[in-house]
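Dear colleague,

I am passing on the structure that follows, together with notes on what was found in it. Please read the notes with the structure open beside them.

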Amino acid sequence: MKLLIRPAPEVAIKSKPVRRQQMRHLRQNIRKLLARLDPEIRVEGGWDRVDVDVPDDRSLSGPVIEALLRIPGISTIQEIGAFPLVSLEDVAEKAVAAFSERLNGKTFAVRARRHGEHSFRSIDLERTVGAALMQASRARGVDLKSPEVEVRIEVHGDQFHIAHRRHRGLGGYPLGSVENVLTLISGGYDSSVAAYLMMRRGLRNHFLFFNLGGTAHEVGVRQVVHYLWDRYGASHSAKFISVPFEGVVAEIMRSVNHRHWGVVLKRQMLMAAAEIARKNNAVGLVTGDAVAQVSSQTLSNLNVVDRASDEVVLRPLVSMDKESIIRIAREIGTETFARNMPEYCGVISQKPATRAKLHRVEEDEARMDAAVLVNAIEAREETPVNRLLETAVTPEEVELVQTPSVDDVIIDVRHPYEGEQSPLMLTNNEILQIPFYELNQQIPGLPANRQYLLYCDRGTVSRMHAGHLKAEGHENVKVYAPAV
């Protein structure tokens, strides 16, 4: 089987040096990924095309095309039949075998090109093949201007090629032909779609995860990052960088006006991301922000957030609505991950500022202990993405308790504001108020001979923290999940 691959149209308008470099990247990426299927697959190419030759004795047509459909920088993939040139009648016979059934009820045109010296003209070939197709099929007729089906034939010396099925590729630029970026990823719809769009644009991604919710959240994010890389970016190595950010969240809640929590959290993330990007040769930061989707993403607040770093911040979703983002997630295969990802918001403000003032936010930040952010950056863990699933921490299963025993201690892990609005009322159990951001510090000081049940409104935060604590050896921690 032979395949003819054309680059995205944008590549054709580049200067000669840039076009040459991008075509070289495209060939290298295709060669590297197809070698995983069969090292005997040949990948060659020239100025405006890449030729793929799959050995005839391999049943690889499906897997090869599937792999090519996921490689950024490819505009079209054309299946080619290659034959020795015997006569015009033989070419017509091969064309009838390939196209007669596909022309039923449709208009068509034959497009022929020749390379080399031959005793016939291209138009002679087109007329011979066209006449044979009209006689052997139930085609509606010939339409040279706008046919429904094009029959493409290329003659190269003593061989000719017939173009069969045509597949639409991802488009964009070849991965690695543009600079490196650091993508902030949470595993939800927005950040995973943003990462995909950057890969499709030729940007090599490293993935930065700010861990706000313990082991369970990180495991889910590792899975979606590995999927994205393996499916769309495996031609290049990438890193997954996890930064423990619970301490930063706690410091924000202790030191910052609650109306600025969301904006300050984003700024702290951007400060950390800029430092980590510089250490990983990334020249830009990517986020999944969309204008006005949440309070921290108003234009005023995004402006305040961006002042935290000198790095360029790319927001590929900035003008998209949620429906469009979810549709892309479904198309690229990350929708299932996002739908099942624990929803975790690091801070929840009451009446959050939608038009934060930079000087006031900076005054709030000045009250924070700067060492907390420095320590979080230094404590980061970097893992090659191709090893993410090998090294992933298995989340601990935690037991859900609907009816606590009299001796069980209930720990309300909600933020104090939430507890004040809807207090947890139990008659027979001791209730402790320990916000989630203080659990790690206070749990070791509680009596070890008691059983503790973590509680929050939706059960998400309590499950994540219970799994995290159990993984650290606290076997007396479960989750209080009252029946609704």
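Predicted model: local features only at pLDDT ≥ 70, side-chain atom pairs only at ≥ 80, totals over all residues.

Residues are numbered from 1 along each chain as its sequence is written, and side-chain values use heavy atoms, with hydrogens and water left out.

Strand pairing

Strand β19 (residues 477-480) runs parallel to β15 (residues 400-401), to which two bridges join it, and Leu400 stands opposite Val479 of β19. Strand β18 (residues 452-455) is also parallel to β19, with three bridges between them, and here Leu453 is the residue opposite Lys478.

Salt bridges

The structure holds 31 salt bridges, a salt bridge being a side-chain nitrogen of Lys or Arg within 4 Å of a carboxyl oxygen of Asp or Glu. Side chains of opposite charge can pair when their charged atoms come close.

One of these salt bridges joins Glu218 and Arg222, whose closest N and O atoms are 3.1 Å apart. Because the two are four residues apart in helix α7 (residues 214-233), about one helical turn separates Glu218 from Arg222. Glu218 is buried at a relative accessible area of 12%, and Arg222 is likewise buried at 4%, where buried means under 20% relative accessible area, exposed over 50%, and partly exposed in between (1.4 Å probe, protein chains only).

Glu331 and Arg327 also meet through their side chains in a salt bridge, at 3.2 Å from N to O. These residues are four apart in helix α11, so about one helical turn lies between Glu331 and Arg327. Glu331 is exposed, at 56% relative accessibility, whereas Arg327 is partly exposed, at 41%. Elsewhere, salt bridges with shared partners join Arg49, Asp51, Arg113 and Glu154 into one network.

Asp289 and Arg315 form a further salt bridge, with 2.8 Å between the closest N and O atoms. This pair links distant parts of the chain, 26 residues apart, since Asp289 is in the loop between β12 (284-286) and α10 (299-306) and Arg315 is in the loop between β13 (312-314) and α11 (322-332). Both Asp289 and Arg315 are buried.

Two buried helix residues

Asp364 lies in helix α13 (residues 358-366) and is buried, with a relative accessible area of 5%. Its side chain makes a polar contact of 2.2 Å with the side chain of Arg367; a polar contact is a pair of N or O atoms within 3.5 Å, and within protein one must be able to donate a hydrogen and the other to accept it, with residues adjacent in sequence counting only if both atoms are side-chain atoms. Leaving out residues up to four places away in sequence, Asp364 touches Ser255, Val256, Asn257 and His260, contact meaning heavy atoms within 4.5 Å.

Val248 belongs to helix α8 (residues 246-255) and is buried, at 1% relative accessibility. Beyond its neighbours within four places in sequence, Val248 is in contact with Gln268, Val372, Leu373 and Ala376. Val248 and Ala370 are 122 residues apart in sequence and 9.4 Å apart in space, C-alpha to C-alpha.

How values were computed. Pairing = 2+ DSSP bridges.
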